[in-house]
Amino acid sequence: MVLKCTQSVLFFSLIFTLVYGQLLDNRCYLDGGGSAVNFFANEDITIGAVVGSLRVLGDPGKDIVLTLREKDSPVYIAPGTKDLIVAKPLDKEGLIGPSAVFVNVICERKFSDDAGIIIPVNIRVTDVNDNAPVWIGAPYKLNLSEVTVIGTRILQGIRAHDLDQPGPYSTVEYQTLPGPYSDYVAFVTPLEGTLVLKKYIDYETVQNFTVKIRAQDQGKPPKYSDTFVTIRVLDSDDQNPKFDRDVYYGQLLSDNGDIKISPEAIRAEDQDRGIRADIRYSIVSSNGSEDELIFEIHPNTGNMRQTRALAPSQARHSRTIVVKATQVDNPDRYALTTVILSAPKGAESSLSVISVQPPVGGAEFVRGTFYVTVREDTKPGTKISQLTNQGNAEQGVRYGIVGSLLVQEQFRVGTAGEIILAKPLNYRRTAQYTFAIESSTPGAELNTSTTVVVDVLPANMWEPRFRKPFYSFAIENPLHAPQLPMLVGRIEAADGDRTDELSFVLKGNYSNLFRVDPYGNLWLVSNRTDLPVAMRLLATVTDTGTPPKSATVPVVVKLKPETATLTSNLLIVNIVVACALGLLVIGGFVRCVYRRRKRKVASAEQIVGHGGGVVPPLKHGVDSSRFLLQRSEQRMLERPSGHANSRLTDGLCRLIHSR
């Protein structure tokens, strides 16, 4: 009997030892539980650096052996340790190395016949700012007309790509770098590769220029790349032709023939050096059609010719011929000059023979009334007409303007009888001057005088100007507009030239929805369902001067936003209602738990209250505690429905009890 007991004890001891020993052998398990290991490594980690240490229970080299299943892995386990070492470069972009590493570590227990445990290891490579933006299609070149309006998008599609992962390291910002011409262009926004014109370009000033631009990411510190935008300026027809001289001189002929012009031949050229349009010459009559009948000018060479002989009465007077040079490709571009033709030689002697009583010691004017035409922009000091055939300064003749002080300040007469402009003209103030010029010789009893009429031609002296540098209007959604057209606002512009009229033109993606009348009123004439919150336009005003001048101003039309306060109020109400419902549910749950615990205590007290600690059995062998619980449930179910809160509490109680 004793032997059998001893054998049983030994048998159970052996089984217990084997089982307990197996339970205590936790080698190769992960410390803290789990079945896989995750590591993070920056892509700039150096070869030989430690990625991380495996949380494996056991001592490598003594009681466990750690090896990798993968033979050509970018990491390896340092001998005798649990450390994972980098063997190859890592790269989040996957260019020079893997962007992620997945290996399996095999952990084998020493002195054990059990198979090794496989531990998956996941190494996630994190991004660093190791790539600079790379320009696509750089350097950039474009041709730009000199009449391009400020604010025009002159180059789109500028783009630089950053190979870093999406985020601040790959978000590229664009900017123009300071330089000689950096104020001509700018980017619309730093995040958009679109260049706009900021300053007017004049071909006669600069024909091409280069701007340096930069693309940089948002790293700290940022990485960047630079390139160049080369802009070639194209000449446009924005300049009038120009004569080499303001006044030319010549002499009338006694018969027909070519007129020799001095000091040089009549010549004009287009000031637009990139175009050099052909010029055509013509005579602008200032004496009715008489000049056109007697004189002609070659349209290409500018040589003047007298087509017929002059009558003796006509040969006595000098003539002022107005010559016009017009561009062939644009009749609105022209220039004017004057040719003063003096009387032919011998006219004075013939005049003294037929004259009954010539003035003694006085000057003889070439005609009774002088008609002079001069442009408003003529510079002071310019000779605008000649009174006599030749200078009489050596004879002591004196000339004086008879009239108001205003005329005497505006013009002066030289010693040779030339009329010279003294002060700048203003067509808006005075369009015509009429005055008399009197000549006298010391010691002479008679003085001679003539009348001079100076007609001022208007010149486009002023550019149109806007009252504001920027116009912004707010309107209701066109879909809600009662009727169209709808007045949006007024763009105020004015011109300093009195005779000029203004016209407005709108440009932009939404310009077809609006119209500007001659008074500057901006009207909404059409609508669309896909309108943005803000519509950006360019308004250009042009005058009717010669040459016409224009100005441009940006205009933004915004749609009035919907009632934002109503939306925010509804959001607040929804949050308050959700919070109230949440509090109600939590309160009901707490009350249900409390009542359930209270009923259990009451049931236990009833059971104990029978005395003696012995509970008599009920019918059919049902336990009294179970009977009391059923009775409490029955009473709870038979309870009349009350408030919504009580019903919710009872439902929660039944749900908890059922579980």
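This is a predicted model: local features need pLDDT of at least 70, side-chain atom pairs count only at pLDDT 80 or more; totals for chains, interfaces and linings use all residues.
## Cis prolines

P221 sits in the loop that runs between β15 (208-216) and β16 (224-234).

Another cis bond turns up at P139: the link from A138 to P139 has omega near -5°. As for where P139 falls, look at the loop between β8 (134-136) and β9 (140-145).

Now for some backbone angles. C28 isn't a glycine, yet its phi is positive, at about 75°. The residue belongs to the loop between α1 (2-24) and β1. Is C28 buried or exposed? With a relative accessibility of 2%, C28 counts as buried, because the cut-off for that label is under 20%.

F111 also has a positive phi without being a glycine, here about 60°. You'll find F111 in the loop between β6 and β7 (117-126). Its relative accessible area is 80%, so F111 is exposed.

## An open, mixed sheet

Four strands make up an open sheet, and reading across it the order is β1-β7-β6-β3, with mixed pairing. The edges belong to β1 (37-42) and β3 (64-68); each has a single partner strand, so one side of each has no neighbour in the sheet. Going from one strand to the next, the twist averages 25°.

Which residue in β6 does V65 stand opposite? That would be E108.

## Salt bridges

Side chains of opposite charge can pair when their charged atoms come close. In this model the count comes to 15 salt bridges.

Start with E409 and K423, whose side chains meet at 4.0 Å, N to O. E409 is in helix α5 (residues 405-410), while K423 is in the loop between β30 (418-421) and β31 (432-440), so this pair ties together parts that are 14 residues apart in sequence. As for accessibility, E409 is partly exposed with a relative accessible area of 45%, and K423 is partly exposed too, at 36%.

Next up is R467 with E492, where the closest N and O atoms are 3.3 Å apart. R467 counts as exposed, at 63% relative accessibility, whereas E492 is partly exposed, at 27%.

Which residues do salt bridges with shared partners join into one network? They are D244, R267, E269 and R276.

One link in this group is the salt bridge between the side chains of E269 and R276, at 3.6 Å from N to O. E269 counts as partly exposed, with a relative accessibility of 31%. R276 gets the label partly exposed as well, at 38%.

Methods. Residues are numbered from 1 along each chain as its sequence is written. Side-chain values use heavy atoms; hydrogens and water are left out. Two strands pair if DSSP finds at least two bridges between them. Helices (H or I, at least four residues) and strands (E, at least two) are DSSP runs, numbered from the N terminus. Axes are lines fitted to C-alpha atoms, for helices over the stretch in contact, and angles run from 0 to 180 degrees between N-to-C directions. Buried means under 20% relative accessible area, exposed over 50%, partly exposed in between (1.4 Å probe, protein chains only).
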